[in-house]
There are 4 protein chains.
Amino acid sequence: MIAGIIGAAGYAGAELVRILSKHPKIDVLRISSTSYEGKTIADIYPNFFGVTDITLENSKTLIAGSDVVFAALPHGVGEVFAAECFESEIPYIDMSADFRFDYDEETYKAWYGKNYRFPELHKKSVYGLPELNRQRIKAAAKDGGGVIIANPGCYPTGASLAAFPALSLGIYGNGTIIVDSASGITGGGREPARAYHFPECSDSMTPYKVGSHRHTPEISRNFSFMEGAAEPRPVIFTPHLAPMNRGILSTLYIPLADTWKCRPDSHTAPRPPSNEINEKTSRIHRLYKEFYKDERFTRILPPGIFPATGRVRFSNFCDISVCIDQNGENLVVVSAIDNMVKGAAGQAVQNMNIVFGFEEDCGLNTLPALF
Amino acid sequence: MIAGIIGAAGYAGAELVRILSKHPKIDVLRISSTSYEGKTIADIYPNFFGVTDITLENSKTLIAGSDVVFAALPHGVGEVFAAECFESEIPYIDMSADFRFDYDEETYKAWYGKNYRFPELHKKSVYGLPELNRQRIKAAAKDGGGVIIANPGCYPTGASLAAFPALSLGIYGNGTIIVDSASGITGGGREPARAYHFPECSDSMTPYKVGSHRHTPEISRNFSFMEGAAEPRPVIFTPHLAPMNRGILSTLYIPLADTWKCRPDSHTAPRPPSNEINEKTSRIHRLYKEFYKDERFTRILPPGIFPATGRVRFSNFCDISVCIDQNGENLVVVSAIDNMVKGAAGQAVQNMNIVFGFEEDCGLNTLPALF
Amino acid sequence: MIAGIIGAAGYAGAELVRILSKHPKIDVLRISSTSYEGKTIADIYPNFFGVTDITLENSKTLIAGSDVVFAALPHGVGEVFAAECFESEIPYIDMSADFRFDYDEETYKAWYGKNYRFPELHKKSVYGLPELNRQRIKAAAKDGGGVIIANPGCYPTGASLAAFPALSLGIYGNGTIIVDSASGITGGGREPARAYHFPECSDSMTPYKVGSHRHTPEISRNFSFMEGAAEPRPVIFTPHLAPMNRGILSTLYIPLADTWKCRPDSHTAPRPPSNEINEKTSRIHRLYKEFYKDERFTRILPPGIFPATGRVRFSNFCDISVCIDQNGENLVVVSAIDNMVKGAAGQAVQNMNIVFGFEEDCGLNTLPALF
Amino acid sequence: MIAGIIGAAGYAGAELVRILSKHPKIDVLRISSTSYEGKTIADIYPNFFGVTDITLENSKTLIAGSDVVFAALPHGVGEVFAAECFESEIPYIDMSADFRFDYDEETYKAWYGKNYRFPELHKKSVYGLPELNRQRIKAAAKDGGGVIIANPGCYPTGASLAAFPALSLGIYGNGTIIVDSASGITGGGREPARAYHFPECSDSMTPYKVGSHRHTPEISRNFSFMEGAAEPRPVIFTPHLAPMNRGILSTLYIPLADTWKCRPDSHTAPRPPSNEINEKTSRIHRLYKEFYKDERFTRILPPGIFPATGRVRFSNFCDISVCIDQNGENLVVVSAIDNMVKGAAGQAVQNMNIVFGFEEDCGLNTLPALF
């Protein structure tokens, strides 16, 4: 089987090269780039030297010769490739935000500043968060005709997997859910810029786009879908930049439903978690484990162990911990993913595996690195 | 004037050595340590070699010969030194949690597991967050008799300075305030441990003590005090460990009072901040600037600039930004401090300056490092 | 096939677990540890949670049930296991220094402070640097009877692969070869210690054991062997600690043979490399490529590209560049390895592959990570 | 006194702002920049916000109004400013390489590709490494007329201070001196570039410009001068990039004079340092201490303690250790400096102090940071 990657010179594209060149079902890998056509991937990424020395070609020829196409392009430029693949019935897995909002063009336009070029196409695309949407992905693949998968944003992936059980099992009551996330610098992509210049970002933490990051509507929409709610969920999302290469750590504050609320031990000042809190935390922990018991890539950590981005590096895992806060009114869920794998290229390959009926962890069963 | 530091071998003690040895009012610096008595500070910290080569002595002799005593000891072991200083009317600035809870022994015991040894002393101690409590610190100093200053915790300092204007000006409505913080590894102290072993914490983010960190009651009490409320404020506090040396970045989610709430631009899905949101953000920004206009160590950043721990390194500054979230219901305040300076040793020196009537930034006017 | 790892709780052992649990020829993996017997590997390394959840057993039972045994033990404690395996004809791959000096007990004793317990065993062991010693490794395996492979030290691996062509092709003349290396902090192992405490080693470079590191005699012996010299080569080796997790970068200064020496462009002051220098550099570059053309794990980088430890991370590669210095008298060779892979666990697996006649890169063909 | 900085927007310029704005003899600080004229320094470096909020002006007006001018410009563009200052008799301290080669225009041209525009000026300039050249700096200042100080390169500073005693006391014999250095990323300056993009350089070590770095002739010339030799010294210099912000660690391999050579303990293989080696190391240690006994910024570390860049951060210190290698033929000297302070801005201020007859550590007596 031949896989093609449009826009392979960026970080997400190169991570796809890393994963797909060892994927047991991929016989040939083709890659394209507008800026680097004619160069080899090892010219750009010397780590590939002598190993995966394929040449970047033109996107047109690439599509024609591929059985599946991945697009790792900036937002707003890939629709034409999607249309071409759709017509040729070549599954198209898009890593940009272009197809993440289905027919809600208004929201897309409000945040990304562009109109849809082929509105019809968006109605046919499927949002590719497998744990949430697996049946729809499979259905689209079986339907015959083209398949367009919108690979989720990196932050929405970590946030959604953390919240899914709480939202769908009624652990969440109502009110605003807060998502506070920290991302490694690879999230900023390959192009050098002041914010990612080593002396400016090393040994420092900073938030960015506070109260106005584009992933907010995607997170809100996912939460609504998970809850089965007609309306979008009220969400606050704050991204931070942490001085590390890979990883997103997300800490979610989810207001508990009344039945899950606990009384704190003291009315005059905060106290360490009460027995009731610890007990209900255990119950929620079990519910989370049960909820995800058939998923290969979500790991509900044992009580007392919290996720660390360093423990999911290079893997497609999403590690999750749950804990009711000492005040008894909120569930604090923490998740860790590798932003380049489960947050981008790994999840795209997971989507390909589903579309083609491969084992879902095919090519994705690498162990998380130790350090 | 002679300053003494009990427990100078730990990180907070050594940072005090760094600051006090350049303080224009301190003529002589004396230091003590139980474990390293007889050694020089440069034996422990070779960066001091040839510069500040003083010898660690016994705590008893140190107190007798000092005009002011700083204690950088573990929780629960310093009361006896406090009592001794109090009797001898030597101002005592305590960096442990022992005196942070005044007469609320129950809360202290619940979180730190120990009873007060000299309960009377706690009623006389003053909580040393100058921006909040300056008059009480001054009053205690003028009173005659002993002075015991409880230097605040590192997290409570960053969180409290971020929330103070919102709480005291009625920008905060009611409901739980969430404090999500990330600290550099120096926060863990000097003793090697697995969590701070370079290969385990480098290039990784992780939370710890989720829902149960000891700084929670201190933050809650401060918030209550700032608001002028009789009851403690409901607070959730989540600390994280970030792969950097110095700094605490705190992101606070503060529910707005009704008059400050804004309507979002859309009822069907989140939208970028509306004009109303941007305008009210500007007003709150001005209120914050006005509120802190006489403070030397709080910097309200210009709109669009967010705090970075890397920009307050080695300074006593607390950088703050404010922003109403796109949902229009919460104020997101971000603060950055150097955990070793404003979060520990610098603030202790600031307290000393107040107690002795020196300029408040005496010895503390270093510029933040560039990188 | 069943592989056993004695001492699996340390970093080298755990890296073996990571590699061997995905090795296509290993059906069962057994692990032991004195300190952690009865625990699972995921108790110690939570990154393995839910993936490789095997239990640490006793070393005795482990040996009895294994087809090959890896020992990742401190120096001086493993001989008894080696003896047991040798008698039972179970190939034993030792990652300590114990068997690296063959019958030269005096040198071992001088640097490691211990005598051999089973001197006979050392005469039968083989030094497992495959690029240097492949035939002897194969021969030992074919011989029948036990096989003991001494896996090389991390520094000697990077240094030896860098120097091998220069020494065996007569590019080296005579005089002292200098090896200046920088290692990531994982080289210090899993036990927390001040030197590896994040705040002490982060954002800092420092040498250690200058002029007296134990890897010096191993490097010297290898150089002598490569050159075919009867005497050990004069060597200076200086290790440094760099603030990174994985990797060893070694810069070697190799005095050129007379025929390779170049005249500099100026006698009055240094000049940029002359044409003669650039030309001879190209010739040596080609000789290096030719020399290693059948090796899978050595990559001679294109002229102008220098090795970076970040480009061999998680791979068994040793990247090498060559360059005659502007003074025309020395060859500067730089090599980069992942200290945990080619410098330890990966090379051990490579040795196992040779011993058992597997493809040499079996289980080792992971691509180097991008970042 | 009014100090002016031409080119204050770059890292070296901004570090000068940091130091000079706290210098007790500087009353007014003026800064200029071609690219940022009209902006404040805090617009570019938010760490200065609210503290040192001066505006970048035009270089012409700056010179006219200054008592001393620092130039932090790229190589080859500052001669015209130097000429102007020289005529106006305003001391000019140049941080570029333009004046580092005196009248040796050929060497400058060979490495920097440009001719001198005002050759006469170069004969009047003084190389500003105070420990080497203090008398000439003082003499130039006393002479009357203009003063041009060529502030040394960062690498030559660390290398020269490490070698000076060995060269001038005859500890060095003859043969090539090797300088192997690792620099923090700030050495690459403020402009974002791929090599300094966090994901590309973090957690990785790499050399650059092997055998051809421009600092080679400056190092060689200094060594020759120190030795009192008529000819330049044969030197090999290899710079590396280490994943840290500040600092240069240099490891020098200096061939010993015959009287200093030691016999190793064994002729058959390397041995740990012999008694003779340890004893001569002690003697050289004492000679180094004696040699530098009147210098404020060189610290000869106690035996067994090696320099770490992390221990000189933010200080003007150069830490040095000496050690004869186990082979008995070479002295290994290691030095650590903060590349932005002793390697650039701090040394420039030290030069200003000398020119104006201030205490040499005036404004430079900050303690090295702990972490």
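Which residue stands opposite D:Ile2 in E2(D)? In this predicted model, the residue facing D:Ile2 turns out to be D:Val28. Strand E1 itself (residues 2-6 of chain D) has 4 of its 5 residues buried, so it is largely enclosed by the rest of the structure. As a bit of background, strands of a sheet pair through backbone hydrogen bonds, and they can do so either parallel or antiparallel.

One residue to look for here is C:Phe70, whose bridge partner in E5(C) is C:Ile93.

Zooming out to a whole chain, chain A has 12 helices and 14 strands. Its radius of gyration is 21 Å, close to the 21 Å that the globule rule gives for 371 residues, so chain A is as compact as a globular protein of that length. Along its principal axes, the C-alpha trace of chain A spans about 70 × 45 × 40 Å. Of the 371 residues in chain A, 63% count as buried. As for how the chain folds back on itself, take the contacts in chain A with a separation of 6 or more: residues 24 or more positions apart account for 69% of them.

A:His213 gives a local example. This residue is found in the loop between strand E9 (206-207) and helix H10 (215-227) of chain A. Is A:His213 buried or exposed? With 22 other C-beta atoms within 10 Å, A:His213 is buried, the cut-off being 20 or more. Leaving aside neighbours within four places in sequence, A:His213 is in contact with A:Phe237 and A:Pro239. A:Trp111 is 102 residues away from A:His213 along the chain, yet their C-alpha atoms are separated by 8.4 Å.

Now to how the chains are arranged. A rotation of 180 degrees, with 0.0 Å of shift along its axis, superposes chain B on chain A (RMSD 0.0 Å). That is the relation of a two-fold axis. In chain B, the C-alpha nearest the axis belongs to B:Pro243, 3.2 Å from it. Where the two chains meet, 57 residues of chain B are in contact with 57 residues of chain A. Helix H10 (residues 215-227) of chain B supplies the largest share of the side of chain B that touches chain A, at 4 residues. By class, that side of chain B divides into 31 nonpolar, 18 polar and 8 charged residues. Since 100% of the interface residues of chain B are also interface residues in chain A, the copies meet through the same surface.

Chains B and D make another pairing. Here again, a rotation of 180 degrees with 0.0 Å of shift along its axis superposes chain D on chain B (RMSD 0.0 Å). In chain D, the C-alpha nearest the axis is that of D:Asp203, which lies 4.2 Å from it. The same surface serves both copies, as 100% of the contact residues of chain D recur in chain B. How many residues does the contact take from each chain? It takes 26 residues from chain D and 26 residues from chain B. On the chain D side of this contact, helix H1 (residues 11-20) of chain D gives the most, with 3 residues. The side of chain D that touches chain B has 14 nonpolar, 6 polar and 6 charged residues.

Terms used: Residues numbered from 1 in each chain as written. Chains lettered and ligands numbered in written order. Predicted model: local features only at pLDDT ≥ 70, side-chain atom pairs only at ≥ 80, totals over all residues. Helix = DSSP H or I, 4+ residues; strand = E, 2+ residues; numbered from the N terminus. Rg over C-alpha atoms; globule rule 2.2 N^0.38 Å. Buried ≥ 20, exposed ≤ 12 C-beta atoms within 10 Å, placed from the backbone. Contact = placed C-beta atoms within 7 Å. Least-squares fit on C-alpha atoms with pLDDT ≥ 70 in both. Nonpolar A, V, L, I, M, F, W, Y, C, P; charged D, E, K, R; others polar. Pairing = 2+ DSSP bridges.
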